[in-house]
Structure formats: C-alpha cells, structure tokens
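Student: I have a model open and would like to go through it with you. Could we take it piece by piece?

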Amino acid sequence: MEISEHTLADYLLKRTALFNSTSPLTVTALCNEKDKYVDGYLNYLYTLKQGNQTYIVKHSKKTISSGISLAPIDPKRNYLEYMTYQLRAGLAPQMVPETYFADPAAHLFIMEDLSYLTVLRFALCRGEQFPRLGKQVGEYLARTHLATSKMKLSADYWHALKNYFKNSDMRVIITDFILKPPPRNNTQKTAYQEATLDILAAILEDVEVKNDWETLIERISSEDDCLIHGDFHSSNVFVSQTSFKVIDMEYTMTGPFSYDIGYFLANILSQYAGFNIRGDATMCSFLLQVIKDVYKTYFAYFSDHAAGIQQERFVEIFQDSLGYLAMANINRIANLGEFPDFDSLGDPQAIFLAKGLSMMLAQTLLQKRKQLETTEEVCELIQRTRNKFFHQLMPNNENALILV
C-alpha cells in the first residue's frame with residue numbers, strides 16, 4: 001500500500017491496536033512551509049487524531065518531501081531513527097518523545113505529539129528565555145554521547161553499534177550539503193544575497209581557514225567517538241519552562257563528540273547576532289549564558305562519569321566544537337534559504353546586518369578557536385568582535401561600543 005494522507009488511516013486501523021475502529025481517525029499532512037510545526041524537509045509527516053488522542057507519524061521515501069535537490073535516500077533510515085529513539089529514551093529519560101509503533105517495511109513510525117510544547121527556534125525568535133536551556137542541552141548531549149562511546153562500550157559492542165548506525169546516505173548530506181561551502185551559481189540574486197556570498201568568498205580566501213574547514217569535514221567520517229544526533233539544531237528541540245525534548249534523529253551515526261555541540265550552538269550565535277541588531281541586551285546576555293551552560297554541564301558530566309579523561313581531550317573537543325559552530329553558522333547563511341533566526345527581524349537591511357554580524361563572529365571563532373580554552377574566553381571574544389562590527393558600522397556612535 002502506498003502511504004499517503006488518504007490511505008494512512010485504513011493502514012493503521014488494520015496494523016496497530018492504538019486506535020478504535022469504531023471512531024473516526026483523522027489524518028492531516030504536515031507541511032514545513034506553511035505549518036512550522038516540525039522541519040519536514042526530508043520526510044512525510046502526519047498528525048493522527050482520534051477523540052482526545054493525537055500522535056505524529058513520520059514516513060520516509062526515497063524521494064524527499066521538500067524541493068531541496070538531493071539524490072535518493074534509502075528509506076530504511078526511518079527504522080534506524082525509531083531504534084535511535086528507543087536507545088536514547090533509556091539514556092536521557094524525559095528528554096525524548098515516546099514512540100508507539102514502527103513498521104520497517106512501510107518505513108514509518110508513530111511518536112508522541114509534542115504540540116503541547118513549543119519549537120525552541122521560534123520561541124527564541126520571539127525573545128522567550130528558558131533559564132535551564134543550556135544545562136538541558138549539555139546534559140542531553142553528555143548522557144547520549146558518553147553512554148554510546150568507545151569510553152564506555154566493549155570493542156565488540158562498539159563495532160556492532162557503529163555498523164548498525166552506519167547511515168551512509170545521511171553522512172554524505174552532512175559532509176557535502178550541510179558543512180561544505182555552497183558553490184556560487186548564476187541564478188538571479190538580490191544585492192543583499194550577492195553581498196552575503198562576497199563575505200563567504202572573503203572568509204575562504206584565508207588559506208588556513210579553508211584548510212581547517214576541510215579538516216573538520218573529514219573528521220565527521222574519521223573520528224568516531226560516539227553516536228551523534230547529527231542534526232541537533234533549535235528546530236529539533238521542543239521546550240517549555242519545565243520540559244525539554246529532542247526530535248528528528250534520522251542522522252544518527254558515529255562521529256566526533258564536538259559536532260552536536262557546535263551544530264546546536266551555531267543557532268545560538270545566530271540568535272545572538274539578531275538580538276544585537278534589535279538592541280535587546282537582556283536576550284543577548286541570556287544567549288551567552290546558554291553557551292557557557294552547555295559546555296559547563298557537558299564537561300562536568302564527563303568528568304563525573306568518565307574516569308581518566310584528560311583535560312587536553314576536553315580542550316580538543318571544545319575547540320573542534322567551535323569550528324563546527326562557525327562552519328554551520330556561515331553555511332546556513334550562505335545557502336541563502338529561509339532562516340527564521342534572522343527572517344524574524346522583518347526588515348531586509350536589518351536581516352542583512354544580522355547575517356553579516358553572525359558571519360563575522362563565526363569567522364573570528366574559526367580563526368582563533370585553537371587559542372581558546374574556556375567559555376569565558378569565547379564569550380569575551382564574541383563581545384569584542386560584536387563591538388568591532390558596530391564600531392566599523394557606526395564609527396561615530398559611542399553606544400555601539402557598549403558590551404551586551
């Protein structure tokens with residue numbers, strides 16, 4: 001049976017015991033472009049509703065649901081994602097949505113409906129603050145990283161885990177689409193878009209930066225420290241003041257500890273740039289605190305649960321995560337697609353200034369990452385770079401020099 005909005009109800013009534021066949025089961029397709037509930041760029045997503053009960057169905061095909069140009073992807077990734085939810089639910093209780101049913105042959109599974117929470121990205125765009133956020137992110141990553149790492153697993157179990165979650169198709173998307181700088185093409189662009197690509201070209205003119213960039217991409221395949229989430233950004237986190245849940249785990253594979261940390265914090269840096277342009281010093285301070293809390297919580301957990309790990313290893317993870325932070329931040333802007341972190345500003349000039357500041361911050365972190373060993377040094381560098389940006393933009397405005 002071809003799974004679609006029209007066939008899904010009959011299929012589920014026959015295949016699962018979750019639903020009552022005597023009551024209507026309503027199926028609604030979710031579309032990322034108009035719904036903003038979840039990022040359905042690669043998969044087909046549906047809401048199921050029967051009475052007061054609601055669920056989400058995630059369905060994979062070789063073709064993807066959005067207009068992004070990608071080669072066909074093996075839909076077997078769907079069952080790998082389901083198994084990842086099962087694994088991480090045991091490692092980080094209450095931080096992963098519940099799952100209820102999976103069909104490997106049909107490439108779908110049913111999971112908890114999280115609409116009682118809010119998508120972190122859009123909450124941040126509205127200026128909402130979550131004081132526990134950095135600690136929750138750090139704890140979630142530390143728990144799921146360490147327990148699935150070579151530090152904790154026997155050699156046989158580690159190799160079995162690595163082979164099971166090989167996920168070659170999704171690894172290529174990370175290395176060739178998410179992290180590799182986009183090529184400049186001849187499509188018509190606005191003046192702001194052309195200027196954005198000029199900034200990217202200027203960044204990559206630095207030979208040391210370009211070589212470092214390529215080295216970090218290569219490490220996604222060569223450094224297999226643990227199971228990484230692989231797509232851990234602010235649209236894949238649902239929150240309230242008391243709850244924190246992580247979704248969209250189909251990129252799970254072995255990789256470096258540093259990748260998930262950096263990829264998430266790339267969004268925090270984007271938000272920081274945007275709120276600087278808005279002039280919201282309180283929100284900027286909160287976002288810097290998130291950066292500090294993520295690292296402090298992550299490394300404290302490792303220190304408490306991984307005897308013998310050396311400080312030099314912590315510094316290496318820390319510095320590499322800053323590299324991934326910078327690369328993801330720059331690439332996301334240079335791909336010229338929708339970017340709510342900045343689009344929420346509304347005014348095209350303000351959006352461009354926020355993107356310019358964000359790319360300058362990221363470039364500086366990438367250039368100086370191997371000189372940084374503490375979060376205080378990182379945040380101080382971010383603030384100095386922010387002040388430099390505003391001084392260059394408005395040299396006669398003394399307010400531009402105020403640290404936030």
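Tutor: What follows is a talk about salt bridges, a helix, some backbone angles and a charged patch. Please keep in mind that this is a predicted model.

Student: Let's begin with charge pairs. How many salt bridges are there?

Tutor: The count comes to 21 salt bridges. As background, side chains of opposite charge can pair when their charged atoms come close.

Student: Which residue does Glu81 meet in a salt bridge?

Tutor: Glu81 pairs with Lys58, with an N to O distance of 2.9 Å.

Student: Which residues are linked with them in a network of salt bridges?

Tutor: The network of salt bridges links Lys58 and Glu81 with Arg77, Asp248 and Glu250.

Student: Let me stay with Asp248 for a moment. Where is it found?

Tutor: Asp248 is in the loop between strand E9 (244–246) and strand E10 (253–255). Its relative accessible area is 8%, which is under the 20% cut-off, so Asp248 counts as buried.

Student: What is the phi of Asp248?

Tutor: Phi of Asp248 is near 60°, which is a positive value in a residue other than glycine. For context, most residues other than glycine have a negative phi.

Student: Since you bring up H12, how many residues has it, and what does it reach from its first C-alpha to its last?

Tutor: Helix H12 covers residues 311–334, which is 24 residues, and it reaches 35 Å from its first C-alpha to its last, close to the 34 Å expected at 1.5 Å a residue.

Student: How many residues of H12 are buried?

Tutor: In H12, 20 of the 24 residues are buried, so the helix is largely enclosed by the rest of the structure.

Student: Back to salt bridges. Which residue does Asp212 meet?

Tutor: The side chains of Asp212 and Arg369 form a salt bridge, at 2.6 Å from N to O. Asp212 lies in helix H9 (residues 207–222), while Arg369 lies in the loop between helix H14 (348–368) and H15, so the pair ties together parts that are 157 residues apart in sequence. Asp212 is buried, as is Arg369.

Student: What about Glu128, which residue does it form a salt bridge with?

Tutor: Glu128 forms a salt bridge with Arg126, and the closest N and O atoms are 2.8 Å apart. Glu128 counts as partly exposed, because its relative accessibility is 30%.

Student: New topic: which residues gather in the patch of negative charge on the surface?

Tutor: The patch of negative charge on the surface brings together Glu373, Glu376, Glu377 and Glu380. Of these, Glu380 is placed in helix H15 (residues 375–393), and at 44% relative accessibility Glu380 counts as partly exposed.

Student: Ile178 is another one in H7. What separates it from Ala300?

Tutor: The C-alpha atoms of Ile178 and Ala300 are separated by 29 Å, and the two residues are 122 residues apart along the chain. Ile178 itself counts as buried, at 13% relative accessibility.

Student: Last one, then: where is Ser154, and is it buried or partly exposed?

Tutor: Ser154 is found in the loop between helix H5 (133–147) and H6, and with a relative accessible area of 45% it is partly exposed. The C-alpha atoms of Ser154 and Asn211 are separated by 35 Å, with the residues 57 apart along the chain.

Note on methods. Residues are numbered from 1 along each chain as its sequence is written. This is a predicted model: local features need pLDDT of at least 70, side-chain atom pairs count only at pLDDT 80 or more; totals for chains, interfaces and linings use all residues. Side-chain values use heavy atoms; hydrogens and water are left out. Patches are made of residues with over 30% relative accessible area and no salt bridge: like charges are joined within 9 Å, nonpolar side chains (Val, Leu, Ile, Met, Phe, Trp, Tyr) within 5 Å. Accessible areas come from the Shrake-Rupley method with a 1.4 Å probe; for residues, only the protein chains shown count as cover. A salt bridge is a side-chain nitrogen of Lys or Arg within 4 Å of a carboxyl oxygen of Asp or Glu. Lys and Arg count as positive and Asp and Glu as negative; His and the chain ends are not counted. The place of a charge is taken as NZ of Lys, CZ of Arg, CG of Asp or CD of Glu. Helices (H or I, at least four residues) and strands (E, at least two) are DSSP runs, numbered from the N terminus. Buried means under 20% relative accessible area, exposed over 50%, partly exposed in between (1.4 Å probe, protein chains only). The expected span of a helix is 1.5 Å times one less than its number of residues.
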